[in-house]
Amino acid sequence: MLLSYLVAASMIADLSDKQALLAQPDALRRLASERALLSRENAMLRSLTSTPAPEFRYTPYSPN
């Protein structure tokens, strides 16, 4: 049961999605809903054509 609340607390989701997770009647259904939300987010991220920003800490400084 604690795991389902920890997953919900660590998710970056809309307030309505988080409220829906809290409204689930038990931990099993909450975890299933969390998995569905995370799968949806994962699919959306995979569809993006952008790439992450480069790591600027290890590139030399250029005043240009």
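Asp17 sits in helix α2, helices here being DSSP runs of H or I with at least four residues, numbered from the N terminus. The model is a predicted one, so local features need pLDDT of at least 70 and side-chain atom pairs count only at pLDDT 80 or more, while totals for chains, interfaces and linings use all residues. Residues are numbered from 1 along each chain as its sequence is written, and side-chain values use heavy atoms, with hydrogens and water left out.

With a relative accessibility of 17%, Asp17 counts as buried (under 20% relative accessible area; exposed is over 50% and partly exposed is in between, with a 1.4 Å probe and protein chains only). Setting aside neighbours within four places in sequence, Asp17 touches Leu37 and Arg40, contact meaning heavy atoms within 4.5 Å. With Arg40 there is also a side-chain to side-chain polar contact of 3.3 Å. That term covers a pair of N or O atoms within 3.5 Å; within protein, one must be able to donate a hydrogen and the other to accept it, and residues adjacent in sequence count only if both atoms are side-chain atoms.

Now for the helix pairs. Two packed helices are described by the angle between their axes and the distance between the axes. Axes are lines fitted to C-alpha atoms, for helices over the stretch in contact, and angles run from 0 to 180 degrees between N-to-C directions. Helix α2 (residues 15-22) and helix α3 (residues 27-47) have axes that come within 9 Å and cross at roughly 155°. That makes α2 roughly antiparallel to α3 (over 145 degrees; under 35 is roughly parallel, 65 to 115 roughly perpendicular and the rest oblique). On the α2 side the residues are Asp17, Leu21 and Leu22, which meet Arg30, Ser33, Glu34, Leu37 and Arg40 in α3.

Helix α1 (residues 2-10) also packs on α3, at an angle of about 30° and with the axes 9 Å apart. This makes α1 roughly parallel to α3. The contact brings together Leu3, Ser4, Tyr5, Val7 and Ala8 of α1 with Ala27, Arg30, Leu31 and Glu34 of α3.

Ser47 belongs to helix α3 as well. Its relative accessible area is 52%, so Ser47 is exposed. The Ser47 side chain reaches the backbone oxygen of Met44 at 2.7 Å. From Ile12, Ser47 is 35 residues away in sequence and 19 Å away in space, C-alpha to C-alpha.

How values were computed. Helices (H or I, at least four residues) and strands (E, at least two) are DSSP runs, numbered from the N terminus.
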